[in-house]
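Me: Hi! I have a structure open and would like to talk it through with you. Can we go through it piece by piece?

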Amino acid sequence: MIIYNVTTNIHESVHDQWMIWMQHKHIPEVLATGKFSGARMVRVLVEEEMGGVTYSVQYTTDSKETLEKYYQEDAPAFRDEGTKLFGDRMLTFRTELELISEH
């Protein structure tokens, strides 16, 4: 299993708008691509010097190949939408993780 982890620091001034967008539009639309089997949204419990609130959304998928298809077919439009809506009030970075074991 591959976990596509998207960590975002969102400015307080757009936090509530971003949260509604993420939970009711963005995450459902990413899942609707059919490339992920689920998603989990968590708050990062660290106070950033730059302020804002940080969240991690972890999407699970079956393979690196499926994730690559997402990057090619879907990701650019999703990234553009986030940039248009929130601009520099949103700082995002992405990490690919491979599940080794669960206990």
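Predicted model: local features only at pLDDT ≥ 70, side-chain atom pairs only at ≥ 80, totals over all residues.

Me: Is Thr 60 buried or exposed?
Reply: Thr 60 is buried, because its relative accessible area is 16% and the cut-off for buried is under 20%.

Me: And what does Thr 60 touch?
Reply: Leaving out residues up to four places away in sequence, Thr 60 touches Met 1, Ile 2 and Ile 3, and also Lys 35, Phe 36, Ser 37 and Gly 38.

Me: Lys 35 is on that list. Where does Lys 35 lie?
Reply: Lys 35 is in the loop between helix H1 and strand S2, which covers residues 38–43.

Me: Which residues is Lys 35 in contact with?
Reply: Setting aside neighbours within four places in sequence, Lys 35 is in contact with Thr 60, Thr 61, Thr 66, Lys 69, Tyr 70, Glu 73 and Asp 74. Two of those, Thr 66 and Tyr 70, are buried residues of helix H2.

Me: Let's look at H2, then. Which residues are buried there?
Reply: In H2, which runs over residues 64–73, the buried ones are Thr 66, Leu 67 and Tyr 70. Looking down the axis of H2, these fall within an arc of 100°, so they line one face of the helix.

Me: Why would residues a few places apart point the same way?
Reply: An α-helix has 3.6 residues a turn, so residues three or four places apart point the same way.

Me: What is on the face of H2 turned away from the buried side?
Reply: That face carries the exposed residues Glu 65 and Gln 72.

Me: And what covers the buried residues of H2?
Reply: The cover includes strand S1 (2–10), helix H1 (15–32), strand S3 (53–61), helix H3 (75–86) and strand S4.

Me: Can we hop to H3? What is Phe 78 in contact with?
Reply: Phe 78 has its place in helix H3. Apart from neighbours within four places in sequence, Phe 78 is in contact with His 26, Glu 29, Val 30, Thr 33 and Tyr 70. Phe 78 is buried too, with a relative accessible area of 12%.

Me: New topic: is Glu 98 buried or exposed?
Reply: Glu 98 is exposed, with a relative accessible area of 58%. Glu 98 belongs to strand S4, residues 90–98. Beyond residues up to four places away in sequence, Glu 98 touches Met 1 and Ile 2.

Me: How far apart are Glu 98 and Leu 85 in sequence and in space?
Reply: They are 13 residues apart in sequence and 31 Å apart in space, going from C-alpha to C-alpha.

Me: Let me zoom out. How many helices and strands are there in the chain?
Reply: The protein chain has three helices and four strands. From the N terminus on, the order is β-α-β-β-α-α-β. The radius of gyration is 14 Å, close to the 13 Å that the globule rule gives for 103 residues, so the chain is as compact as a globular protein of that length.

Me: What share of the residues is buried?
Reply: Buried residues make up 38% of the 103 residues.

Me: Last one: what share of the contacts joins residues 24 or more positions apart?
Reply: Among contacts with a separation of 6 or more, residues 24 or more positions apart account for 75%.

Technical notes. Residues numbered from 1 in each chain as written. Heavy atoms only, no water. Helix = DSSP H or I, 4+ residues; strand = E, 2+ residues; numbered from the N terminus. Buried < 20%, exposed > 50% of the residue type's maximum accessible area, 1.4 Å probe, protein only. Contact = heavy atoms within 4.5 Å. Rg over C-alpha atoms; globule rule 2.2 N^0.38 Å. Arc of directions from axis to C-beta.
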